[in-house]
Amino acid sequence: MAGRIEDYALIGDLQTAALVGRDGSVDWLCLPRFDSAACFAALLGDKDNGSWRIAPLDGALCSRRSYRGDTLVLDTVWETDTGTVKVTDFMPQRDHAPDLIRVVEGVSGTVEMRSELTLRFDYGSVVPWVRRADHHRVAVAGPDAVWLRTEPPLPMYGKNMRTYSDFTVAEGEKVAFVLTWHPSHAARPRRMDPFAALEDSVADWQKWSDRCCYEGPWRSAVLRSMITLKALTYAPSGGIAAAATTSLPEEIGGVRNWDYRFCWLRDAALTLNALVSGGFLTEAKAWRDWLLRAVAGDPADLQIMYGIAGERRLTEYEVPWLKGYENSSPVRVGNAAAGQLQLDVYGEVLDSLYLARSSGLRDEPHAWNLQRMLMEFLESKWHEPDEGIWEVRGPRRHFVHSKVMAWVAADRAVRTVEAHPQLRGNAGLWRSMRAQVHAEVCEKGYDAHRNTFTQSYGSTELDAATLLIPLVGFLPPTDRRVIGTVEAVQRELDHGGFVRRYSPDAANVDGLPGSEGAFLACSFWLADALHAIGRTDEATRLFERLLAVRNDVGLLAEEWDPVARRQLGNYPQAFSHVGLVNTALALAGLDKRSG
């Protein structure tokens, strides 16, 4: 069985990522991209579905682990009866082929070690043919080929469709294992020096981290979240994957298991704010440029998410041979929510591009024309119901957050032409639309009896997304309706001191059985909203509770179960780490959000 979600640490090469457990096992890796089929899928099944463990023969969990400084290089240490050993895991930023490198180093005494490699291509379903070649092992099946070598060379043997190596390390000795993937029809990639690659990887990550300009409170947590966002970035396109995994459950044993290895427009403005405020303008520009390419075309065809290179077809299917994380099935690949109508994404795009322009990112000549086309479409569509920010698979509704973000789209369009008169646009029409949306939301989306905005028109359910109302500028934080909404969400959506997305009995809304944990991004939004309405001490206490649920290497999943005290959902989750960064910025008075 896989470990707890928080038992895993992340390594990656800015094109894919692997999860390494406390037991020294790599239980998740997709090659060559984040959204490729996994060759290690034990995370969602068992060890027969692919994993790679390097650890002492006694099989114990590690004594401690940490990232090396402000990098994505992971050091895991075992202290045994006979000695101490360290395994350093990393993936160097690739030139051509992806490499996973594991360096075993004797720290003291002697330790008997074992490497156990179980390669299973296509999400754990395909056993490759393994052969020897020049003291290496080569595994081939269909389009995939993997080479395994060690420096210095170690004996290897096969048993039960696995590749083993048993060896002993003494103080000062080092052995490097290098696993390299390439298309099976292509020539073998050139060999790299794993020890030089380790030095280069540490230097590259530290140089990147040194660019962080945030010097406020909680800097180490903010920087680790920034590193995680960078690690989830697909470097060739600038797209940022929502998570490195698919189908980690929102409820253990439940069906709320989705593929998050794609890019959500929902995350766009908040992510851009985090990158700009942290001083990572190169990454902010790359994300902005990915956004412009992804949404180009007919505004009627705008999707809520795209592939990491901007792909539109994200066909969803189930993988029946994987039993799911702790028997949480089905395991899904692809995401059918890509075809939903979510009107909030138009506001997210307009807000992101407004923030990019106001933050000094060089404007692209075609960007304003695209924004005008999006506004022309939204002018005639904002009245319609949609599936909303939470991608409900029930009937469409007039979700309040969607309408608020339609207001944001009109507001940012108006503010853009007011600040840049050289840009052509129908500011009068957009002002009229802005006023209409505002009046309708305040009339139909507000429960005067309870003094709170609701999830949708005419409903009594609450929605944590309404916490964004003051943050995007729809109403000032001092407005009694805002204060009432913050207090209602805090009171009625509380889950062990954190925040649910919406009411736990709202199955009639999302169309799915079961429940879920507290949504970490929403909990950060509550901290933001409390700070905005002047309750900063309370906001700070909530923020520090959220920091406390990070794992030992600073990572967050999508949700937290306050009863079982464990993380839930896909991992690590960009939206959670973006929330952490933006809340720290807000509490430090450094938030650049455009509301």
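Helices H13 and H14 are roughly antiparallel to each other, a term applied to angles over 145 degrees. This is a predicted model, in which local features need pLDDT of at least 70, side-chain atom pairs count only at pLDDT 80 or more, and totals for chains, interfaces and linings use all residues. Residues are numbered from 1 along each chain as its sequence is written, and side-chain values use heavy atoms, with hydrogens and water left out.

**First selection: H13 and H14**

Select residues 536-548 for H13 and residues 574-587 for H14; helices are DSSP runs (H or I) of at least four residues, and strands (E) are runs of at least two, numbered from the N terminus. The two helix axes come within 11 Å and cross at roughly 150 degrees. Such axes are lines fitted to C-alpha atoms over the stretch in contact, with angles from 0 to 180 degrees between N-to-C directions. On the H13 side the contact is made by Thr536, Ala539, Thr540, Phe543 and Leu547, and on the H14 side by Leu580, Thr583, Ala584 and Leu587. Contact here means heavy atoms within 4.5 Å.

Remain on H14, where 14 of its 14 residues are buried, that is, under 20% relative accessible area with a 1.4 Å probe and protein chains only. Just after H14, select Gly589, which takes a positive phi of about 75 degrees.

**Next: the sheet E26-E27-E28**

Three strands form an open antiparallel sheet in the order E26-E27-E28. Its edge strands are E26 (518-519) and E28 (566-568), each pairing on one side only. Two strands pair if DSSP finds at least two bridges between them; three bridges join E27 (residues 559-561) to E28.

**Next: Ser503**

Ser503 lies in the loop between strand E25 (498-499) and helix H11 (507-510). Its relative accessibility is 15%, so Ser503 counts as buried. Leaving aside neighbours within four places in sequence, Ser503 is in contact with Glu461, Leu462 and Leu493.

Four bridges join E1 to the antiparallel strand E2 (residues 17-20), and Ile11 stands opposite Ala18. The hairpin has four residues between its strands, and Leu14 takes a positive phi near 70 degrees.

Key:
Buried < 20%, exposed > 50% of the residue type's maximum accessible area, 1.4 Å probe, protein only. Expected span 1.5 Å × (residues − 1). Parallel < 35°, antiparallel > 145°, perpendicular 65-115°, else oblique.
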